[in-house]
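Hi everyone, thanks for having me. Today I'd like to walk you through one structure, so please have a look at the screen.

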Amino acid sequence: LIELNRLRPERVDPRLRLPGFAQLAHSDAVILNIDYPLGMAAFHHLSRLAPGVGELRGVYVMGKAATLNSRVGDVMISTVVHDEHSRNTYLLRNCFTAGDVQPYLEDSTVLDNQKALTVRSAFLQNREYMSVFYQEGFTVLEMEAGPYLSAIYEIVNPNRHPRNEIVHLSNSTPFEVGLLHYASDTPYSRRQSLLSKSLSYFGVESTYGCAIAILQRILRSELARLAATEATAAGST
């Protein structure tokens with residue numbers, strides 16, 4: 001749990017010292033970091049958390065994934081997610097673009113407009129199974145985006161998420177939704193998975209790049225909100 005009003009510019013990464021950083025001392029916002037829940041654990045964490053907060057201003061997901069069309073260490077930004085748990089295909093407006101992450105990467109590439117498949121277990125996949133989805137344009141295999149989107153659906157709709165449907169979340173969420181995945185495995189290539197080699201520097205670079213992009217997004221959004229609140233208050237006096 002990170003209280004934004006307790007951040008000190010001298011103690012944060014220089015890439016996060018945005019103009020007006022000192023104004024965060026007046027913020028009442030917090031960042032709640034849910035550390036690496038997979039599968040339905042992601043759904044239960046977010047769906048139980050949301051009713052207990054005063055206002056939800058953004059949901060940002062960073063995770064590792066297998067990729068069918070890029071290299072270990074690359075970053076994928078998806079706008080379509082098929083969830084094996086609910087069998088829904090979610091369409092979303094991902095708040096991130098390649099330009100948000102690429103400046104923080106030197107040896108890796110960012111691929112946007114990707115389609116992700118949320119699987120029940122990476123160990124249950126095989127070449128024949130993956131080929132079916134790859135032919136349909138799915139290039140990212142991961143384990144948490146679908147359940148998170150099911151929880152987001154229930155946050156903005158007063159009913160249970162559907163099953164086996166195409167679900168449009170593009171314009172229905174009153175808060176930002178962002179998905180970033182860094183490639184840890186390339187299942188179509190031998191000796192290119194976390195089971196056979198270390199992710200090494202390439203994983204560190206892409207992990208930090210995604211984290212910086214998410215934190216910059218949060219801080220810029222909060223600074224803009226504080227500035228708007230201050231302007232409104234000044235105009236009413």
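Let me begin with a term: a crossing of two helices is called right-handed if the near helix is turned clockwise from the far one by less than a right angle, and left-handed if the turn is anticlockwise. Please keep in mind that this is a predicted model.

Now, which way does α1 cross α4? Helix α1 passes α4 in a right-handed crossing. On the α1 side, the contact is made by M40, A42, F43, L46 and S47. On the α4 side, you'll find P147, Y148, S150, A151, I152, E154 and I155. Sorted by class, that contact has nine nonpolar residues, two polar and one charged.

What about the geometry? Helix α1, residues 40-49, and helix α4, residues 145-156, pack at about 25 degrees, and their axes are 7 Å apart. Angles under 35 degrees count as roughly parallel, so α1 is roughly parallel to α4.

Let's move on to the largest pocket. Its volume is about 1,300 Å³. The lining has 41 residues, and those nearest the centre are I31, L32, N33, Y60 and I218. Which helix or strand gives the most to this lining? That is α5, with seven residues. Helix α1 is back here too: β2, α1, β3 and α5 each supply at least two lining residues. By class, the lining has 30 nonpolar, five polar and six charged residues.

Conventions. Residues numbered from 1 in each chain as written. Predicted model: local features only at pLDDT ≥ 70, side-chain atom pairs only at ≥ 80, totals over all residues. Heavy atoms only, no water. Axes fitted to C-alpha atoms, helices over the stretch in contact; angles between N-to-C directions. Helix = DSSP H or I, 4+ residues; strand = E, 2+ residues; numbered from the N terminus. Parallel < 35°, antiparallel > 145°, perpendicular 65-115°, else oblique. Contact = heavy atoms within 4.5 Å. Nonpolar A, V, L, I, M, F, W, Y, C, P; charged D, E, K, R; others polar. 1 Å grid on protein atoms, 1.4 Å probe; cavity = no way out; pocket = protein on both sides within 12 Å on 5 of 7 lines; lining within 4 Å. Points joined across faces, edges and corners; volume = space filled by probe spheres on them.
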